[in-house]
Amino acid sequence: MIQPLKDMDGNYIPLDTVMLYDDDGPVVDIGGFFYASRVGLWSATTVEGATLFPDQYHLNNPTVKKDIDEFFKALEAIVENEKFRNLLKNHFAELKERCE
């Protein structure tokens, strides 16, 4: 039975995928995928002609996820800041007064 093509994070890789990512985020341009049925292994060829194993690469850029995680941590720190809460509270109180 042919196993689905997956990346190192366990994401399914569509066969029309044209790029994968290293751990550090650089793009690897993919020319195509092939399956070796005797050993049950997926491989890929790059546009430069090199062979690689897709399960050692990421479908999505791993550095973007880190950036998003850092963004949410920073946003959480802002929201938990008492000064920010007071600023929002005052702003909405002022808006409320204007609407009454």
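Me: Which residue of strand 2 stands opposite Leu 20?

Reply: This is a predicted model, in which local features need pLDDT of at least 70, side-chain atom pairs count only at pLDDT 80 or more, and totals for chains, interfaces and linings use all residues. Residues are numbered from 1 along each chain as its sequence is written, and side-chain values use heavy atoms, with hydrogens and water left out. Helices (H or I, at least four residues) and strands (E, at least two) are DSSP runs, numbered from the N terminus. In strand 2, Leu 20 stands opposite Val 28.

Me: In what order do the four strands form the open sheet?

Reply: Two strands pair if DSSP finds at least two bridges between them. Strand 1 joins strand 2 by three bridges, strand 2 pairs with strand 3 over six bridges, and strand 3 pairs with strand 4 over two bridges. The pairing is antiparallel, and the order in the open sheet is 1-2-3-4.

Me: Which strands stand at the edges, each with a single partner strand?

Reply: General principle: strands of a sheet pair through backbone hydrogen bonds, either parallel or antiparallel. An edge strand here has a single partner, so one side is left without a neighbour in the sheet. The strands at the edges are strand 1 (19-21) and strand 4.

Me: Which residue in the turn between strand 3 and strand 4 has a positive phi?

Reply: Strand 4 covers residues 51-52, and Thr 51 in this strand is the bridge partner of Thr 45. Strand 3 and strand 4 form a hairpin with four residues between them. The residue in the turn with a positive phi, of about 100°, is Gly 49.

Me: Is Thr 17 buried or exposed?

Reply: Thr 17 lies in the segment before strand 1, and its contacts (heavy atoms within 4.5 Å) beyond four places in sequence are with Ile 30, Phe 33 and Leu 59. The side chain of Thr 17 also reaches the backbone oxygen of Pro 14 at 2.7 Å. Buried means under 20% relative accessible area, exposed over 50% and partly exposed in between (1.4 Å probe, protein chains only). With a relative accessible area of 13%, Thr 17 is buried.

Me: What distance separates the C-alpha atoms of Pro 62 and Asp 22?

Reply: Pro 62 is found in helix 1 (residues 62-80) and counts as buried at 15% relative accessibility. Leaving aside neighbours within four places in sequence, Pro 62 is in contact with Tyr 21, Asp 22, Asp 23 and Gly 25. Pro 62 and Asp 22 are 40 residues apart along the chain, yet their C-alpha atoms are separated by 8.0 Å.

Me: How many of the 18 residues of helix 2 are buried?

Reply: The expected span of a helix is 1.5 Å times one less than its number of residues. For helix 2 (residues 82-99) this gives 26 Å, which agrees with end C-alpha atoms 26 Å apart. The helix lies largely in the open, because the number of buried residues is zero.

Key. Polar contact = N/O pair within 3.5 Å; in protein donor to acceptor, adjacent residues only side chain to side chain.
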